[in-house]
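Have the sequence and the 3D view ready.

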Amino acid sequence: MPGLADQPTLLALEGVQLVVDQSVTSEPGTWVCSEGQVSWSNPAGHSASFGYEAIMMHSISTDAANFPRPCIYCQIDTEGCFTVQIGEEVNEVQEVRFVPADETQVGAMFDLSLIHI
């Protein structure tokens, strides 16, 4: 997204797992919240990035029937053409979960993103 790379980082967390449409990516990575977007990347070269305008709905999910660990759940606007790169594959997705290693960080992640949506 042009111009977003220069925006200040509000929060960066290590050890965040990305779950895409119910499928867990390889290893945890770094989740970054800036003034214009949320992004995630890991050492294996997997990445995800989208502007806040692409988020139709997001919430804190703590119901183990939906997912076994507390996380941030996001539904993405399919018109926003959100893509995730996993290795060489680039996929369009409709749902993502960001699962921090430290469950106490879920509230901070949600609060910061809420300010911008």
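Start with W40: its bridge partner in β5 is A48. Strands here are DSSP E runs of at least two residues, and helices are H or I runs of at least four, all numbered from the N terminus. What you're looking at is a predicted model, where local features need pLDDT of at least 70, side-chain atom pairs count only at pLDDT 80 or more, and totals for chains, interfaces and linings use all residues. Residues are numbered from 1 along each chain as its sequence is written, and side-chain values use heavy atoms, leaving out hydrogens and water.

A48 sits in β5, which covers residues 47–51. Is A48 buried or exposed? It counts as buried because its relative accessibility is 6% (buried is under 20%, exposed over 50%, partly exposed in between, with a 1.4 Å probe and protein chains only).

Now for the neighbours of β4. This strand runs antiparallel to β5, with 5 bridges joining the two; strands pair if DSSP finds at least two bridges between them. In the β4–β5 hairpin, 5 residues lie between the strands, and G45 takes a positive phi near 90 degrees. On to β3: it is antiparallel to β4 too, through 4 bridges, and that hairpin has 2 residues between its strands. Here W31 stands opposite W40. As for cover, 4 of the 5 residues of β4 are buried.
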